[in-house]
Structure formats: C-alpha cells, structure tokens
Amino acid sequence: MIEQVLNEMITYFKNDTRRINHALKVYGFATTLSGLEKLSEAEKEITQYAAILHDIGIKEAERKYNSSAGCYQEIEGPPIAESILKNLGIDQPTIERICFLIGNHHSYNKIDGLDFQILVEADFLVNIFEDNLEQKSIDDIGRKCFKTKTGIGMLHSIYS
Ligand SMILES: [Fe+2]
C-alpha cells in the first residue's frame with residue numbers, strides 16, 4: 001500500500017521534482033524514526049502516509065492564493081489526501097488521523113502524539129538542508145521542536 005501512496009504523490013506532483021524529492025526524503029526519515037522509536041505498525045503506517053502526503057496541498061495553495069505559505073497548505077492538503085487515501089481503500093479512522101497531521105503539520109503547538117512529533121522532526125531534518133539554515137536557527141529548532149531521542153541524535157549527527 002505504501003508503494004501505491006508514493007505513486008499517487010509522485011503522479012500528483014507531475015514534473016515538480018523538487019516536491020517529489022522533498023516528500024521522498026521526509027518519508028525516509030519518518031520511516032526510520034518510526035521504526036527506531038518503536039511505534040506500533042498502525043502508528044508507523046499513519047506516520048508514513050502523512051509524511052508522503054504532508055505537502056500535497058501546496059499546488060492548490062499556489063493556484064488559489066498565489067502562496068505556498070504553511071497555513072494555506074494546511075487548508076488545501078487534507079481534502080486531496082483524503083480523496084487519494086479513500087480511493088486506495090484506507091479505513092476512515094486512519095484517514096482522519098493522517099488528515100489531522102497534514103492539516104496541522106506547521107502548528108507545532110498542536111503536537112499530540114509520537115506520529116505527529118516524528119512527522120515534524122522528519123520535515124525539519126529535510127528542510128534544514130533544503131533551506132540552508134544557519135547554525136543558530138538549527139539550534140533553536142532542536143531546542144524547541146525535537147523531542148525523540150532518535151530525532152535529536154540525527155539532528156546533531158547531521159547538522160553540528
Ligand atoms: Fe515539508
């Protein structure tokens with residue numbers, strides 16, 4: 001099923017290789033963190049699907065509001081993710097949790113579970129490189145947004 005969701009994301013983003021690569025990288029970190037932080041199979045699956053689809057609202061955000069700002073992605077992402085996951089036969093409670101994660105993935109004050117925490121850490125582990133952040137910002141992010149032992153270890157190993 002993971003392969004189908006990956007395929008849907010890749011197809012949806014068409015020639016936007018930057019976004020495809022971003023999603024694949026976040027999925028890679030999210031999978032690694034989920035395994036090492038010992039999530040249940042169900043939680044791991046939710047985290048992986050959310051990682052693959054977390055920025056899926058970006059195209060609609062750009063089309064409707066001329067902006068890729070997080071708040072617009074959070075509005076536009078969940079309905080697109082829901083339709084993809086429904087078509088693949090994913091059950092409704094799983095879809096709802098994935099859509100909650102996608103719809104709040106820039107709202108760090110709303111983190112309410114390890115699946116959400118890992119999605120946020122995985123996105124940062126990729127964005128720090130893609131956005132070429134300076135050390136001070138990386139240290140701030142580490143202090144404020146990283147909670148898992150594995151995520152903190154990776155942040156330090158890669159970026160300090
Ligand atoms: Fe992202």
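**The metal site and its surroundings**

Guide: Around the iron ion the four donor atoms subtend angles of 81 to 168°, which makes the arrangement irregular. Please keep in mind that this is a predicted model.

Visitor: OK, which residues coordinate the iron ion?

Guide: The iron ion is coordinated by His22 and His54, each through NE2, and by Asp55 and Asp123, each through OD, at 2.2 to 2.4 Å. Along the chain these donors follow the spacing H-x31-H-D-x67-D. Because His22 lies in helix α2 and His54 in the loop between α3 and α4, the pair ties together parts that are 32 residues apart in sequence.

Visitor: And the two histidines, His22 and His54, are they buried or exposed?

Guide: His22 is buried, since its relative accessible area is 7%, and His54 is buried as well, with a relative accessible area of 1%.

Visitor: Switching to α3, which of its residues are buried?

Guide: In α3 the buried residues are Lys44, Ile46, Thr47, Gln48, Tyr49, Ala50, Ala51, Ile52 and Leu53. The helix runs over residues 41-53 and reaches 18 Å from its first C-alpha to its last, close to the 18 Å expected at 1.5 Å a residue.

Visitor: What covers those buried residues of α3?

Guide: The cover includes α1, α2, α5, α6 and α7. As for α6, Arg97 lies in that helix, and Arg97 touches Ile46, along with Asp112, Gly113, Asp115 and Phe116, not counting residues up to four places away in sequence. The side chains of Arg97 and Asp115 are also joined by a polar contact of 2.8 Å.

Visitor: Now salt bridges: how many does the count come to?

Guide: The count comes to eleven salt bridges. One of them pairs Arg19 with Asp16, the closest N and O atoms being 3.0 Å apart, and both of these residues are buried.

Visitor: Which residue does Lys64 pair with?

Guide: Lys64 forms a salt bridge with Glu76, with the closest N and O atoms 3.0 Å apart. This pair links distant parts of the chain, since Lys64 is in helix α4 and Glu76 in helix α5, twelve residues apart. Lys64 counts as partly exposed because its relative accessibility is 47%, whereas Glu76, at 7%, counts as buried.

Visitor: Last one: how far apart are the C-alpha atoms of Lys149 and Leu36?

Guide: Those two C-alpha atoms are separated by 9.3 Å, although Lys149 and Leu36 are 113 residues apart along the chain. Lys149 lies in helix α9 and counts as exposed, at 72% relative accessibility.

Definitions and conventions:
Residues are numbered from 1 along each chain as its sequence is written. This is a predicted model: local features need pLDDT of at least 70, side-chain atom pairs count only at pLDDT 80 or more; totals for chains, interfaces and linings use all residues. Side-chain values use heavy atoms; hydrogens and water are left out. Helices (H or I, at least four residues) and strands (E, at least two) are DSSP runs, numbered from the N terminus. Buried means under 20% relative accessible area, exposed over 50%, partly exposed in between (1.4 Å probe, protein chains only). The expected span of a helix is 1.5 Å times one less than its number of residues. Contact means heavy atoms within 4.5 Å. Donors are N, O and S atoms within 2.8 Å of the metal (3.2 Å for Na, K and Ca); water is not among the atoms, so sites may look incomplete. Four donors count as tetrahedral if all angles lie between 85 and 135 degrees; four count as square planar and six as octahedral if opposite donors are over 155 degrees apart and all others between 65 and 115; anything else is irregular. A polar contact is a pair of N or O atoms within 3.5 Å; within protein, one must be able to donate a hydrogen and the other to accept it, and residues adjacent in sequence count only if both atoms are side-chain atoms. A salt bridge is a side-chain nitrogen of Lys or Arg within 4 Å of a carboxyl oxygen of Asp or Glu.
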